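Morning, everyone. Let me put the model up, and then we'll walk through it.

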Amino acid sequence: NTEQKKQEEMEREQKKLAEQAMEIANPSTVVAKATDWGAGPEAIIKQSIMVGNLTAAVECCFKHGKMAEALLLASGGGTTLWTRARDEFLRLQGDSFLSTVGNIMTNDFDKLVASSNLANWKETLAIIATYSAERYEELCGKLADRLDESFDPRSAMICHICAKNFPKTVGIWAATHVGSQGSQKLALQDLVEKMTVLQEATKFHQPDTLFNAKVTQYAEILANSGRLTAAMRYLTLLTDDTSSAILRDRIYNSAPMEMSQKFGRPPAFPFESTDVRIMHQQPPAQQPQQPLQQPQHMHAPQAGHFSGAAPVQPPAAPKPVGMAPGPMPPRPAFPGPSHPTTAPAPAPYAPAVPSAVAPPAPSLGPAPRLPTGGPALGPTPNLPTAPRPPNMGPTPAYNPAPAPSFH
């Protein structure tokens with residue numbers, strides 16, 4: 001029956017397990033079984049060995065599960081046969097650790113890092129440190145990138161430190177650091193101290209934006225607290241940094257003598273210098289303009305009225321707008337006792353029209369004669385002379401009194 005068959009199979013398995021346990025407990029009692037090399041696959045292996053075809057013998061061993069025999073035969077067949085046998089053996093085993101061993105033996109560390117279990121990243125890091133030699137930092141960086149992609153920043157940070165990757169390590173520190181005891185300044189101090197130690201350990205002397213910003217922020221806090229020397233020491237760690245140029249200049253010029261003794265020459269001036277002086281330029285020399293020559297008209301004297309040569313008439317001014325042309329008004333009489341003085345009526349005001357160049361005035365011709373039919377002007381009256389001051393008599397002489405004597 002079916003139940004009886006199942007019971008017989010269980011009894012057989014128990015007997016096998018008991019025999020195996022006895023063999024393990026008493027290995028001296030185990031009797032090696034002899035292999036029949038005259039029939040079956042053993043005969044083919046035997047014939048291949050006899051004719052010197054080790055490759056066929058190894059392949060036959062792998063096909064029939066004789067791994068030990070295959071590796072033994074491949075070891076005597078040269079490097080190429082041994083490498084093929086080893087790779088085939090590791091493939092047939094299907095064990096993860098043996099695959100790792102195979103990667104070590106073949107120096108295929110890229111495959112080891114790419115296919116390793118990230119849960120055991122420490123073992124992978126130890127294998128890399130032991131066997132990778134010159135490629136250690138490169139492989140640590142690849143392992144760190146895989147850990148970054150799996151959202152394990154703390155493990156990735158350790159691998160970045162092993163790879164001497166200063167920028168990425170600082171980036172992880174800056175993103176994960178928290179305030180110590182609730183103080184942001186203490187957290188910043190802890191971060192800057194770790195970054196400066198790592199910079200010295202990795203010999204990193206290249207500009208980094210995040211590192212420069214954190215160190216500058218911490219140095220400014222120190223400078224505002226009066227610790228100028230400590231602030232300047234931190235600023236000297238920065239390379240090709242322009243963001244802290246103003247702070248460097250401020251700290252150095254606060255105590256130039258002390259800073260020059262400790263840190264040497266002053267830092268570069270942080271601003272662009274511009275000359276704001278006004279440069280005075282002499283105006284070009286102007287040649288004097290020639291005055292316009294006005295035509296002069298000489299008038300001859302008329303007989304019976306003027307004696308001597310007639311005076312030269314000056315250039316006439318432009319005729320004002322609003323004055324009607326005509327003869328000159330009569331000359332007013334000299335005021336005297338018999339002629340009342342009357343003020344002439346003022347002429348109406350009319351603004352002159354400016355012109356670019358005044359045209360020459362037309363000649364008025366000879367002076368007009370005075371009318372003869374009017375009353376005679378008569379002789380000039382004698383004006384009364386001003387009264388003289390009264391005679392006050394002779395001026396009295398000044399006789400000073402003798403000075404008093406003190407006896």
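What share of the 407 residues in the protein chain is buried? Buried residues make up 21%. By buried I mean under 20% relative accessible area; exposed is over 50%, and partly exposed lies in between, with a 1.4 Å probe and protein chains only.

A word on the source. This is a predicted model, so local features need pLDDT of at least 70 and side-chain atom pairs count only at pLDDT 80 or more, while totals for chains, interfaces and linings use all residues. Residues are numbered from 1 along each chain as its sequence is written, and side-chain values use heavy atoms, leaving out hydrogens and water.

Now the overall picture. The protein chain has 16 helices and zero strands. Those are DSSP runs, numbered from the N terminus: helices are H or I with at least four residues, strands are E with at least two. The accessible surface of the chain is about 31900 Å², and carbon and sulfur atoms hold 58% of that. Those areas come from the Shrake-Rupley method with a 1.4 Å probe; for residues, only the protein chains shown count as cover. Next, contacts, meaning heavy atoms within 4.5 Å. Take those in the protein chain with a separation of 6 or more: 44% are between residues 24 or more positions apart.

Let's zoom in on helix H3, residues 54-63. Which of its residues are buried? They are Ala57, Val58, Cys60, Cys61 and Phe62. What covers them includes helix H2 (41-50), helix H4 (67-74) and helix H5 (79-93). Just after H3, Gly65 takes a positive phi of about 75°.

On to charges. Side chains of opposite charge can pair when their charged atoms come close. I count a salt bridge when a side-chain nitrogen of Lys or Arg is within 4 Å of a carboxyl oxygen of Asp or Glu. The structure holds 13 of them.

First up, Asp87 and Arg86 meet at 3.5 Å, N to O. Arg86 is buried, at 13% relative accessibility. Asp87 is partly exposed, at 37%.

Next, Asp145 and Lys168 meet at 3.4 Å, N to O. This pair links distant parts of the chain: Asp145 sits in helix H9 (residues 136-149), Lys168 in helix H11 (residues 166-176), 23 residues apart. Asp145 is partly exposed at 31%, and Lys168 is partly exposed at 40%.

Last, Arg135 and Glu138, at 3.4 Å, N to O. Arg135 is partly exposed at 27%; Glu138 is partly exposed at 41%.
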